[in-house]
Amino acid sequence: MDFANFSALGGLSRRIYAAFLVAAVIPTALAGAIGVYLSLQALKGETLRNLNQEVTVRSQGIGRFFDQLSSELLYLANSRGLVDVLAARQTRDAQLLQLATTRLERDYAALATLYPHIYQIRLLTADGNEWVRVDRKPDGVHVVPREALQPKGDRYYFRDAMEVGVGQIYVSPLDLNVEFGKIEKPERPVIRVATPVAAPSGAKVGVLIINLHADILLEQIQQMANARHGTAYLLDSQGHFVSRSADGEPGAFSLEPVENLHRFFPAGIANNLIESGNSPSLGEGWIVAHSPIDYAQQALAENSKGKWRIALAFPERELFMAVVNLYLLYAVLFVALLVTALGGYALSRRLLRPLEDLSKETDAIADGDFSRRVSVLGNDEIAALGEKFNGMASRLQESSRAITAHRDRLEDEVRARTQELEQERASLEAVIQHTADGILAIDRDGIIRLLNPAAGRLLGESHNPLGLNVEQFWPQWKSIALDASHGAIRCDLELPEQVISLAVTPTTAGFIVVARDVSREREIHDERRELDRQMFQMEKLTTLGELAMGVAHEIGNPLAGMKAVAQAMQYEEDVPPGLIEALKRMESEVDRLSGFLRSFHGFAAPQMIAREACPLAQVLDDVLFWTRKDAKSGNIRFELAGIDTNPPLSADPHQLKQVFLNLLMNAIHAMPKGGVVTVDAKTEANFKTIRISDTGVGMSDEVLKRIFEPFYTTRREGTGLGLSIVRKIVEQHGGSVAVTSSPGHGTCFTLTWPLAGN
């Protein structure tokens, strides 16, 4: 730089140049130093946060996987197929046991096919022998034949699993699979998840075990190691670990005690990792992050409570490699500033004089006078700049006119678009207001800030609940919000009178909640379970009916012979009077037993239905005639309501009368001190609903659950088949029967019977 020429510059030039140096060089130097320091700190913090987040997210993913697997295991331990196998073993019926075992094997094979990470599913008996086993092989899922099953009673995981409570989960340490007393080749690291299997009495009868490929966990830590060019670790609940490095062999498996970590890390880092200390930690040349794997804590057995963890470690020097690039960047920037200072000296002498003219005319144009122009002589860049300035002024003048016209058009478009947006907003508001699902906006403190009418109905408030705390309506909200703070969740909220399904999404201001009443869905589920129970009851009744028919046939013929012999002996000569009296008693008992067998036959034998149009009034008139004597002697009266002739019922008249006779006689027997039997009917669509209610002693819930079971009765003289026959006849006619009762308040039977012509 020529300092003699610099001293010849005017005061303004020197001030501009000096200000240029001060404004450019000094701040940039300070910014460079501060930037390097802050960049280093930010890089450290961001790296530690990302590292901790990565380890936490992967541990949470593994935890959710174990939760799902535990749920599947508990479902299998209570499945219908396993219950059938246990029941078949108690009956000691080899054929029935084989059929039940085959169905269970198909169920386990189907589950193993759906989940490729399942290596084995096994059912072990209480003595440790394999009863059912399904293996995954390279060519697919196979059921192991009975002759290839093995005893596992000496294995530690079987003993530990048998010690946990029913409904709890046992998780084994990570080890290699052993077959026939030897480690399986090629080596297969596995984790065993098990739960006891209980008989209906509650006694443990075996263990259900799922062998899980450990590769699903080892792949997770291998991915972390590859992504960070470090080493990832999996620590099990028994004080062992497996490591994976970015440059290591992926398939290698070596299980070591956690004390060996001191061979790889300084004492502080190793102790922090072993004792689950702070995470992430930075020091002694290493960066280490670790996170526990939380899963199925509510069902986890005490001998499995130890924490599984994953960890990631890499040298601290990897972090600072990026900082070197920052130093190089600021060195280049310093050189550029020096060159800029030299260029500024040369430019300041040439630019200042014509710039005043440009500044003046620029101010005029800035005030809106686009007719102003600048005159700069010469043919250098400054002159070219003057020409460009003039051209710019001309274009600005033209653009000003165009902008004014365009502004007018935009204002019209904005007004039109605003109107459209208002309409869209109104439509969206209408959708939210009229949607069937409740939508709420809840802040971090649990205060309701926004809701639609459906949400108000779910909350059950007669006045507007805006501004109220949602815990007044949903006491479980605090725990739900805590779970949802980590990400969107779905859950069911069980209230005293309803069940609400919630979809909770976190936002910066709080939570958006979509709520729906699923109480009816729960009822449908319960109804389905009741239907399954009824189907099982029908199968049991069918078997019992076949048995009853056989018993009635085998006993009926000998009874007829006994009665004939007893009658014949009464007419023999020289028969002592005492013997005649004994023969009459014998004949009476034979008649009583024959009547009992006829009840058997009515319950068990398939009866042909001769349908015809039966007027309800006429049928009831006949039945009331038969029962009037018993009712009168018991101080019981009948009241009829809505009983008419039309429309008639579609029924076999004899069987229909048997139904009413059984129900009315039961009502009479239920009122030993007298009372009223009410029979009313009404027509609904293609059915007639008939209610028979009494004011008798009523029934408890325990009795009410069993009244339709064969041979169950609360009367000494009863056979326990009357109501079973009633339900059988009603269902054969396509109707239904229901009963309600409470002790001391009487009983009501409700029949739904199809009308004639349907």
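## Buried and exposed elements of a predicted model

Phe65 is buried, and so is Phe66; buried means under 20% relative accessible area, exposed over 50%, and partly exposed in between (1.4 Å probe, protein chains only). The model is predicted: local features need pLDDT of at least 70, side-chain atom pairs count only at pLDDT 80 or more, and totals for chains, interfaces and linings use all residues. Residues are numbered from 1 along each chain as its sequence is written, and side-chain values use heavy atoms, with hydrogens and water left out.

The protein has 4 aromatic pairs. Rings of Phe, Tyr and Trp (its six-membered ring) pair if their centres lie within 6.5 Å; planes under 30 degrees apart count as stacked, over 60 as edge-to-face and the rest as tilted. Phe65 and Phe66 form an edge-to-face pair, at 5.8 Å centre to centre and 75° between the planes.

Overall values are tabulated here.

| Property | Value |
|---|---|
| Buried residues | 39% of the 758 residues |

Areas come from the Shrake-Rupley method with a 1.4 Å probe; for residues, only the protein chains shown count as cover. The protein has 17 helices and 27 strands, which are DSSP runs numbered from the N terminus (helices H or I, at least four residues; strands E, at least two). Of the contacts with a separation of 6 or more, 58% join residues 24 or more positions apart; contact means heavy atoms within 4.5 Å.

Helix H11 spans residues 477–484, and Trp477, Ile480, Ala481 and Ala484 in this helix are buried. Seen down the axis of H11, its buried residues fall within an arc of 100°, so they line one face of the helix; the arc is that of the directions from the helix axis to the C-beta atoms. The exposed residues Lys478 and Leu482 sit on the face turned away from the buried side of H11. Strands E16 (438–443), E18 (489–494), E19 (499–506) and E20 (510–517) are what the buried residues of H11 pack against.

Asn211 lies in strand E9 (residues 204–213) and is buried, with a relative accessible area of 0%. Beyond its neighbours within four places in sequence, Asn211 contacts residues including His117, Tyr119, Arg122, Asn177 and Arg192.

Ile34 belongs to helix H2 (residues 11–77). Together with Ile26, Leu30, Tyr37 and Leu38, Ile34 makes a nonpolar surface patch of about 530 Å². Patches are made of residues with over 30% relative accessible area and no salt bridge, with like charges joined within 9 Å and nonpolar side chains (Val, Leu, Ile, Met, Phe, Trp, Tyr) within 5 Å. A salt bridge is a side-chain nitrogen of Lys or Arg within 4 Å of a carboxyl oxygen of Asp or Glu.
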